[in-house]
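Subject: Handover of a structure, with findings

Dear colleague,

Please find below the structure that I am passing on to you.

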Amino acid sequence: MWVVRRGQLCRALWGSQAPAASSRPRSAEPGSLPVPRCWSCGIPLPARGGQGLPRFCPACQALQPPESQPDLFRLMGWKERDFSEQHSSLVNRAYQTLLSPLRRGLYLLELNGVELAKGTDSDIDVEFLKEIMELNETLAEPNNEAKIEEIESFIEVKQEELTKDVRKAFERDDLQEAKKLLNKMKYFENLEDKVKSKKNPS
């Protein structure tokens, strides 16, 4: 019965140029990183273009020890990594959308095929637009810290009222009323951003 040693199998598969197995690891060239070698037959293990070292020696097929810091996504397959990143992005988007009453309401309108018209104020009453204009003018005034605090509190109260009204409109399935209210909330959100910029100038 023939007995073939692993070193002999390696040389048979790779030809006479294949290095023989050695009991001692070979020293790397000065200034270079040590080359990973098969623990069984001693041949250098080829890197797979960013995919780490092979799990099996390409010559003697010996199972190699696991890497010290393996990429778990690579072990399970790159497709699962892509899926994981996509799910993570969707979760973040859902969190940001549902956390904000305004974005949550706009999303509900979108699900029902209703969108806010961009660049038009036809659904907003004139008195409301005048109120917004006055608030913008007050925010533009210099040295008005006290008024900024008042405006901030006013906006917070109005947004809470509008949020309640929007919820009631959706409960009645009155999408057009919800659309008008959400449009007003967009104006107040714009004012909120201006208040934050005044309080924390970059």
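This is a predicted model: local features need pLDDT of at least 70, side-chain atom pairs count only at pLDDT 80 or more; totals for chains, interfaces and linings use all residues.

The expected span of a helix is 1.5 Å times one less than its number of residues.

Overall fold

The chain contains seven helices and zero strands. The chain has 202 residues, and 23% of them count as buried. Its accessible surface comes to about 15100 Å², with 54% of that area belonging to carbon and sulfur atoms. Among the contacts in the chain with a separation of 6 or more, 49% are between residues 24 or more positions apart.

Helix α7

Helix α7 covers residues 175-199, which makes 25 residues.

The buried residues of α7 are Ala178, Lys179, Leu181, Leu182, Asn183, Met185, Phe188, Leu191 and Val195. These buried residues pack against α4, α5 (126-140) and α6 (145-171). As background to such a list, an α-helix has 3.6 residues a turn, so residues three or four places apart point the same way.

Asn190 also has its place in helix α7. Asn190 is partly exposed, with a relative accessible area of 39%. Asn190 and Asn136 are 54 residues apart along the chain, and their C-alpha atoms are separated by 9.8 Å.

Salt bridges

How many salt bridges does the count come to? The count comes to seven salt bridges. In general terms, side chains of opposite charge can pair when their charged atoms come close.

One of the salt bridges joins Glu152 and Lys199, whose closest N and O atoms are 2.9 Å apart. This pair links distant parts of the chain, with Glu152 in helix α6 and Lys199 in helix α7, 47 residues apart. Glu152 counts as partly exposed at 31% relative accessibility, and Lys199 counts as partly exposed at 37%. Both residues also belong to a network of salt bridges that links Glu149, Glu152 and Lys199.

Another salt bridge is formed by the side chains of Lys147 and Glu141, at 3.7 Å from N to O. Lys147 is partly exposed, with a relative accessible area of 40%, and Glu141 is partly exposed at 32%.

A further salt bridge is that of Asp174 with Arg172, in which the closest N and O atoms are 3.9 Å apart. Asp174 is partly exposed, with a relative accessible area of 29%.

Cysteines

Cys38 is buried, with a relative accessible area of 4%, and Cys41 is buried at 1% relative accessibility.

A nonpolar patch on the surface

Leu98, Tyr107, Leu108 and Leu111 form a nonpolar patch on the surface, and together they have about 360 Å² of accessible area. Which helix gives the most to this patch? Helix α4 (residues 101-111) does, with three residues.

Tyr107 is found in helix α4 and is partly exposed, with a relative accessible area of 33%. The C-alpha atoms of Tyr107 and Thr97 are separated by 7.6 Å, the two residues being 10 apart along the chain. Leu111 is found in helix α4 too. Leu111 is exposed, with a relative accessible area of 56%.

With kind regards

Key. Residues are numbered from 1 along each chain as its sequence is written. Side-chain values use heavy atoms; hydrogens and water are left out. Patches are made of residues with over 30% relative accessible area and no salt bridge: like charges are joined within 9 Å, nonpolar side chains (Val, Leu, Ile, Met, Phe, Trp, Tyr) within 5 Å. Accessible areas come from the Shrake-Rupley method with a 1.4 Å probe; for residues, only the protein chains shown count as cover. A salt bridge is a side-chain nitrogen of Lys or Arg within 4 Å of a carboxyl oxygen of Asp or Glu. Helices (H or I, at least four residues) and strands (E, at least two) are DSSP runs, numbered from the N terminus. Buried means under 20% relative accessible area, exposed over 50%, partly exposed in between (1.4 Å probe, protein chains only). Contact means heavy atoms within 4.5 Å.
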